[in-house]
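Welcome, and thanks for taking a look at this one with us. Please have the sequence and the 3D view open side by side as you read.

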Amino acid sequence: MGDLLDDLQWRGFVAQHTDLDALRAALNEGPVTFYAGFDPSAASLHHGHLVALMLMKHLQNAGHRPLALVGGATGLIGDPRMSGERTLNPTDVVAEWAEKLRDQIARFLSFEGDSAARMVNNYDWTEGISAISLLRDLGKHFRMGTMLAKESVAARLRSEEGLSFTEFSYQILQANDYLELYRRHGCTLEVGGNDQWGNIIGGVDFVRKVEGATVHALTTPLITKADGTKFGKSEGGAIWLDADLFSPYDFFQFWINVDDAEVDKLLRIFTLLPRERIEAVVAESAAKPAARIGQRVLAREVTTLVHGADAAREAEAAADALFGSGDLSTIDRATLEAATKPLNRAPITLGQTTVVDLLVATGLERGRKAARRTVASGGAYLNNVKVSDEDAPITAEHLLAESLVLVRRGRRSLAVGLLES
């Protein structure tokens, strides 16, 4: 097996770090207990959190022990952000979100064997800290100059809104997490996004000051597109990992629609495929760009990791079937509804509405005359089956998931006929 840190660097996981040689030696000497933190600032993690989760998975697969920290306490405070003061969410809401995050994180890690993962919640050791203890036992180890120099803090202090003491204190609580995990579990490595470097290095210094111990830090870079802009966001907003907020089909489509220039980098970061396989996929994809081979592999792998193999197969089958290369009748209702959600739609009445009616009603054709020409020329399809009789009505036999039909003009123009309730 090659050097783990070299592989992580090749994959693009390494941005800032403490002594890299010391970290390499620690990783090579034996199992290292490490942690990454996830604050419940929403009801779901999003694709940006996948970077840390994939790093944790690689480390665990190499024999190291993960601690997945859900910030039940820090989530009540909020890390200072550039855009302004956070809204403080109710305690019960944060607790509910914390449980949802625990469930999502648990899908990525193994909780069995010598490198079994553990879930921890910083509310367990933060809840009992008194104001005096926070100021006397923790606060005395933090220098104001260092805290004020943190980029997000400095930017907020320069803004008209300023910065509350609540958010300013966040970095003390996160540093204390590292100390508690060092004491409780022997944790000697914290990993996280590059935007967390100031907080993470604060924890490294705190452990050194209180315990006299040397611990490590490693951050991952912000994932950007080839033009330098931030990677991510769909038309509807964040790429949530929760299937109820962002369907597996939409998730699959997000990855399959990435630019060719992004495929190599994204395969390295967001899949567990070995280097040889990634290089082969990238080469094949470059040779046949129209086939989008790399995007298909990427979408399949990431969707499988997040939503499971069955959901990935359903999403891919739905994508193929929508454009005529698969059987629409095999697609489950939830996937079909998600896949057709962005399409224009019009009501149908069984036994009365014809494909000509539907082509016009959905806007695929401007008028009945044009719609008839499309049917006559063989360019009209109902559920991927070519229609030759312009007057034949849509019947119950045509319904998909007992509620809709898919009408297509040519190869790519799609719309939905929806059964009136």
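This is a predicted model: local features need pLDDT of at least 70, side-chain atom pairs count only at pLDDT 80 or more; totals for chains, interfaces and linings use all residues.

Residues are numbered from 1 along each chain as its sequence is written, and side-chain values use heavy atoms, with hydrogens and water left out.

**The chain as a whole**

- The protein chain holds 20 helices and ten strands, taken as DSSP runs (helices are H or I with at least four residues, strands are E with at least two) and numbered from the N terminus.
- Its C-alpha trace spans about 85 × 50 × 40 Å along the principal axes.
- Of the 421 residues in the protein chain, 48% are buried; buried means under 20% relative accessible area, exposed over 50%, and partly exposed in between, with a 1.4 Å probe and protein chains only.
- The accessible surface of the protein chain is about 20100 Å², with 49% of it belonging to carbon and sulfur atoms (Shrake-Rupley method, 1.4 Å probe; for residues, only the protein chains shown count as cover).
- Taking contacts (heavy atoms within 4.5 Å) between residues at least 6 apart in sequence, 72% join residues at least 24 apart.

**Helix α5**

- Helix α5 (residues 91–106) has 16 residues and should span 22 Å at 1.5 Å a residue; its end C-alpha atoms are 23 Å apart, which agrees. The expected span is 1.5 Å times one less than the number of residues.
- Val94, Trp97, Ala98, Leu101, Gln104 and Ile105 are the buried residues to look for in α5.
- Viewed down the axis of α5, these buried residues fall within an arc of 125 degrees, so they line one face of the helix; the arc is that of the directions from the helix axis to the C-beta atoms.
- An α-helix has 3.6 residues a turn, so residues three or four places apart point the same way.
- Asp92 and Asp103 are exposed on the other side of α5.
- The cover over the buried residues of α5 includes β1 (33–38), α3 (50–61), β2 (65–70), α4 (74–77) and β3 (118–121).

**Two contrasting residues**

- His216 lies in strand β5 (residues 216–220) and is buried, with a relative accessible area of 9%.
- Leaving aside residues up to four places away in sequence, His216 touches several residues, among them Thr18, Tyr178, Glu190 and Val204.
- Asp195 sits in the loop between β4 (189–193) and α12 (197–211) and is exposed, with a relative accessible area of 65%.
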